[in-house]
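Student: Please take a close look at a single aromatic pair in this model and at the chain around it. I would like one connected account.

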Amino acid sequence: MVEPLSPLLPVAPSYSPTGDASEICAETRGAAIASLHVRPDDISLGAPLPAPGRMTRGETFTLISTGPCTYFAVSDGADPMFGAQLAATAAGARIADQSGAYVLMRIHGGQARAILQKGVFIDLHPDVFTPHAAALTRCGRISVVLWRADEALEYGVAVPRSYARSFLDWFAFACRAGTVARRRDCHRQRHL
Amino acid sequence: MSEFRLPSGGAIDRTKPLRFSFDGVDYEGFAGDTLASALIANGKHFVARSFKYHRPRGILSAGPEEPSALITLAHGEHEEPNALATTTWLRNGLTARSQNNWPSLDLDLMAINGWFAPFFAAGFYYKTFMWPGALWERLYEPLIRRAAGLGKLNAQPDERCYDSAHVFCDLLVIGAGPAGLACALAAARAGLRVLLIEQDRALGGRLLSENHVIDGAASATWLERIEAELASLPSVTILRDTTLFAAYDHGAFAALERIEDGYAQQRLWRIVAKRTVLATGAHERPIVFGGNDAPGVMLASAVETYASRFAARAGDAITVFTTTDSGWRAAQNIANSGARIVAVIDPRMDASFDRAALCDAMGAKLFSGAHIAGVRGKKRVRAIDIVDRSGSRHVLRTDIIAVSGGWNPAIGIGCHLGARPIWSDAIHSFVLPSDAAHVSPIGAAAGHFSLTNALMDGANAANLAAEALGKTNTPPVIFTADQENVSVTPLWRVKDSNSKAFVDLQNDVTDFDISLAAREGFTSVEHLKRYTTLGMGVDQGKTSNVNGFALLAEASGKDIAEAGTILARPPYAPVAIGAFAGMHRDEHFRPTRFTPSHEWAEERGAVFVDAGEWKRAQWYPIEGESDWLQSVTREASAVRSAVGICDVSTLGKIEVQGPDAGALLDFVYVNRMSNLQPGRVRYGLMLREDGFALDDGSVARFSDQHFFITTTTANAARVMQHLDFCRQVLRPDLDVSTASATEQWAQYSVAGPKSRALLQRLLPTLNISNAVFPHMSALMTQWRGIPLRLYRLSFSGELAYEIAAPAHYGDALMRALFECGAEFGVTPYGTEALGVLRIEKGHAAGNEFSGQTTAHDLGFGRLLSLKRDYIGRVMAERAALTDPMRLRLVGLRPVDPQMRLTSGAHLLPIGAAPSASVDDGYVTSVAFSPSLSHWIALALVRNGPNRLGERLRFYDPVRGGNGEVELCAPVFVDPTGERVRG
Amino acid sequence: MRIPCPHCGARDAQEFAYRGDAAPSRPDLDSGQAAFADYVYLRDNPAGHIQEYWHHTQGCRAWLIVTRDTRTHAIFSARFAGERGE
Amino acid sequence: MRFSIFRLAREALTGHRGWTPHWRDAAPKPAYDVIIVGGGGHGLATAYYLAKQYGVRNIAVLEKGWIGGGNAGRNTTIIRSNYLLDGNIPFYELSMKLWERQERDLNYNTMVSQRGVLNLYHSDAQRDAYARRGNAMRLHGVDAELLDADGVRRMAPFLNFDHARFPIRGGLLQRRGGTARHDAVVWGYARAASDLGVDIIQNCEVTGFMRNANGAMIGVETTRGVISGKKIGLSVAGATSRVASYAGLRLPIESHVLQAFVSEGLKPLIPGVVTFGAGHFYISQSDKGGLVFGGDIDGYNSYAQRGNLPVVEDVCEGGMALMPMIGKARLLRSWGGIMDMSMDGSPIIDRTPIDGLYLNTGWCYGGFKGTPGAGLCFAHLIARNEPHEAAKAYRLDRFAHGYVIDEKGQGAQPNLH
């Protein structure tokens, strides 16, 4: 068995502005990803197809809407043959394994939303970007897939592998440049 | 305590004294001061020299509209020129310098310009300095340039950090004066997400300098209450020290936040609002009279603000010169705060209130129906000449003239989307037209100057917004305040001025300049602005434009409404260029993309080159190699003699799937792909719809419904977009899908006579014999449990393969390939050697796919199918694109084998005098051929393929290159292509 | 500028690539060079309403037809360019 | 009235009472030999050369607003002739030569300042592309020098050599390039044309064309009434498609907005014109001290004369990447001009299928530097009914036939040129 290499290894697998683990952008290892093209009339995948801008849970993987008739399947395990197996189970769907194409990151901590909002020009207000919301957008100058897995104000981000270092650069800068909360009445921006 | 600091009052913190210096002199101020208020508290008014005449200038205003008090802030060796003293918060140790003077502010030799003032009338430079022409760059212009400009920017890189952020809201309220506060509060109570932006550090606007009664309480108390409630509401965000400077399309705005104590000094906010309210208030306008630019001439509202908010007396004997009721209110307020008013001069004969009584109460003289005709004192007002209603003159000793000539609503933001302001006779100024749909002006910004109206406007705007956004469950909020007089009778200029009367203090534009411009035919406001530079300073005419346009109207015999005004353009206030760039500077200007084998290549000591955003290994120097050519030649030779490996992962890669995959590819490539057999690969050429070559690459077919195509690194994004367009827009009838796989596959070229042996070592069980896996084949397999793709195709002309694994296994694959290749002398090669190899084989690449070449130019004419429709087919058939006399691809070899060739050189007939008329083409790519041991080149030559064997002059004057070359077929190695099939 | 993507919602125009007027439709192969030249090179270039192609490059990758006023930039509608809503 | 230092001195001593309008603000006459539609730099220059070189006397210039109110007053004032292709170089070099004598021709100081235009390159491929271009220029008798990084450092030590994402490797320098004072160019041509009897008619918008039975042009309908004219020249960048549509013409152009920017006044900092090769950014410093800079077009069709934030950011990023010192300089004003973006990035100066209607359009960003040349060549075309030698490639039918002049090799995609 071959060991996969994180593109972040040379810099750091994660970044924490405060040094502790409370504010962090960390790589989530051990997941497999595939892109799917599925027509609504095609057979189901064992998980309900998410509506635009949403994600759904299947038994062994999560489905994220990425465009008209297109989805990402993110598996819990890191099976190198994920794409191939998915293709076998879901005849009719057109599937391309993308496990190597993206680095998955988890951004959490008290400032997660404020930091992320500096980079993404979509509204991350908890009432707007609700649990199980997902979006393809740009963060800084980098195309990303962004989602909110649950109630917590933390986010999953899929970054194209070749951009992973630059994304972490951006994150580190965004933290260092100060979160949007500084003076007394600005910290409420998180709830805006 | 500073001499002009009032003993009590003001919003300054007297427990926090701050030291600062101006022009090397130390002063003291308090927390809460601006640099301007601290200077005034120290009796310092003369702080600047003017742009053109270098006349002494003071502090006119107390805000962002300041035209005069521009200073340079010094932070060690880093300096910030043209900062406004009136908006710079005092810090301990702040160091400020005056600018635009030499040798010093007090003794400025450039003031000699003042003596030549008659010569320097508006537009003088268009009429002279024309002879002799050569002297312009050498003499005149350098003199003008040195004299012009305000502050000096040193060449140190800007060390500041600029943050940026995005924010969304239901209601954006611009300005936290009474109107804005009322609006924000009412909207928040109604349940809207409110963003309140205030350029000042404190909320309240005019309430910070004036005393009123609101809802039965003192305005200060009301202000505290409102502030507390806003702070308690989670749906409200307040940004202080933040200037909203531009409006853009679809509810987008931009604002700049100044941060005192952060790692970042400024933050650029990108805002998207569903509704926006403009509560930016109004700017007081000066009166144009002789000597009105002397230090000591200030706006009445500014003198009031310095006295009441900053507890700083502007002077010992203050004269108020007002044509407005607000000027009188200011006078009382100034007097109440402990400064001495000696006289009030009001050109108006009467008013709706008892002016005499007010003057008695202040102990000031009243001059009704009078005006100021002149000012005595150059570096500071000493006295004034008053002309009273009877026309007789009086001299009055005074050190401050507080001027109030009316109010101009601050509507700049409202004009950014093109709405043209209209004249209002009611307020004698310009207001926004009703079609400025992206913002709703309220309060003073709407020309409603009374406090009651401002509060009412605020509440109403909030209710309208709430209704529009479907939040109507809360009762409307109503505020009430004391009544006040707001009448204005403009006095556009004092006609009997006895000295220069300034309209634009920053650019030294006088009433005379404006009448001169009118006389010379510059009677459109835009022409006036451009000819006189009126309003083109950093204040953008906030205090000067309306006066200027009024004077233009007078001079050109129009009325002001007809003369009109200019369109304010973003930014509303100047913004540091660095703030727009944020983190995207220096090494972070653009993201950097790394290939899956980057770390491995670094270990190998690779030299990297930028290919778009990618970093690619250019060559791998080894011990003892002194220059790049040595390394590149070694690498290329290794490929020809043994085996080399090159990371080609940056190629664009696209999975094409579905029953109509072949049909789509037939539509985008000039050559047919639908008849490609599974397991086979074919070269493919794409055109643009205009018939010129777009890109090329390989097309592999893995199964009936699954193709995989590659594009060049440079065109990856454009081709993917092109495919999306063809699939979604032009051929929605086709059942096919595309997915980018560029990031998914680490792809390595394994090239050279020993490449098969190497791969066989990696994949012992796989049969890749020539018989089973011939040239232009593809297969999918597995390696140690991971998916692998193998293509047999060659860019180098050698027996070669491209092997691909998922990117996260790319590093492992690369290392394994080198383990397997050790015994075959495997050599890593970079993009340079890649180039050498492809040039030796005459493969067109980026330099040849310039977007200006056709399939015929590049020798692909035979590929163009005549059987079907495809992108570019019809346009490619035009005579101009197939003309044999076009520049077409050939090879070049130097007649003198020692001669070095360079790309970009042109080719001329031998013996002809160099000229465009005999230009025969140019060199696109060059390489030192290890196989031939001399330089070779590819070139685009007029009718080239029909001129093989001909000799041309190689002409590269910009690099001094010169010599003779011979045209040859663009294949220098293995012309019959045996190796590639071996 | 915010483009109302029918799949992703309103997004900043930076996420999109622009192609221009959507009015010209690609001629059939046999309609000849003149027809193709018109299609490739000639534009109404209206000062007012235009139907134009935008590609949501950094989003759902859909090609859209947006109806916009070129004088005010006001956007009136946006739909998928492909007939099958793809 | 001749402008000179002596005249200026005399006026200075007599209170400037003797100055008169720089040009006559004429009212429309019923008929003219030639009507130029568009009172920008191009239109006014055309009228001037028609009167001066080609002896046409009875000329009107119709301007819908105030002269110079379009792109003539909305550009970054750069002049250069550092082009690549045979179709372009002769024209822009002709224009450059006219710039070099403009002040004396017009007796108006348009502040033509030849402080050099430096195009930076950041890769070997870019260097070779600039070599190809520089050599082409030299073959056309135009000055061009290829500098290496040290050469650039000597000229502009303030550039970012040490912390660049895309390091500067050198540049292509045209020393004769530089800047001019854009408004003065308009006023100078207006004054000179007016002195030659040209009627400059402002606030006069063309609303339609009048044609005779054979379809030939015989005049225009305007907001100030009908004006007949034998020959009509369109020089209305930003409105070309609209005006041409009155004559039923569809053109190979799109209207796009190009933003430009100026900083607050600063003491001399930047010697000439510098352009970034790894992003869209070019900059110079005006005589008044403002840094004048710009970058790419916004990229979508627009007639709004204003742009959006992303391009402002993109331009400033380029500026910071190239010369980090300008971070502290404040952006003072921005404006947007409407470019006639042609399908190959090069202009059109040609007859139209309609008798008596002549076309000058498609200038993309090249309009300002092309002003004198366009004026002369358009005047030649109108007077002689045949193209000027230097502009013979700027045909309207080159698109249909495939003889495009595509400097950037982007094809029929105007927002990429």
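**An aromatic pair between chains**

Tutor: In this predicted model, B:Phe168 counts as buried because its relative accessibility is 9%, under the 20% limit. A:Phe121 is buried too, with a relative accessible area of 10%. A:Phe121 and B:Phe168 form an aromatic pair, with ring centres 5.8 Å apart and 65 degrees between the planes. The pair counts as edge-to-face because the angle between its planes is over 60 degrees. Over all chains, the count of aromatic pairs comes to 63.

The pair of A:Phe121 and B:Phe168 crosses between chains. On one side, A:Phe121 sits in the loop between α2 (112–119) and β9 (134–139) of chain A.

Now to chain A as a whole. Chain A has three helices and eleven strands, and from the N terminus on its elements run β-β-β-β-β-β-α-β-β-α-β-β-β-α. A:Phe121 is buried, and buried residues make up 61% of the 192 residues in chain A. Among contacts in chain A between residues at least 6 apart in sequence, 59% join residues at least 24 apart. The accessible surface of chain A comes to about 6900 Å², and carbon and sulfur atoms account for 56% of that surface.

Technical notes:
Residues are numbered from 1 along each chain as its sequence is written. Chains are lettered from A and ligands numbered from 1 in the order in which they are written. This is a predicted model: local features need pLDDT of at least 70, side-chain atom pairs count only at pLDDT 80 or more; totals for chains, interfaces and linings use all residues. Side-chain values use heavy atoms; hydrogens and water are left out. Helices (H or I, at least four residues) and strands (E, at least two) are DSSP runs, numbered from the N terminus. Buried means under 20% relative accessible area, exposed over 50%, partly exposed in between (1.4 Å probe, protein chains only). Contact means heavy atoms within 4.5 Å. Accessible areas come from the Shrake-Rupley method with a 1.4 Å probe; for residues, only the protein chains shown count as cover. Rings of Phe, Tyr and Trp (its six-membered ring) pair if their centres lie within 6.5 Å; planes under 30 degrees apart count as stacked, over 60 as edge-to-face and the rest as tilted.
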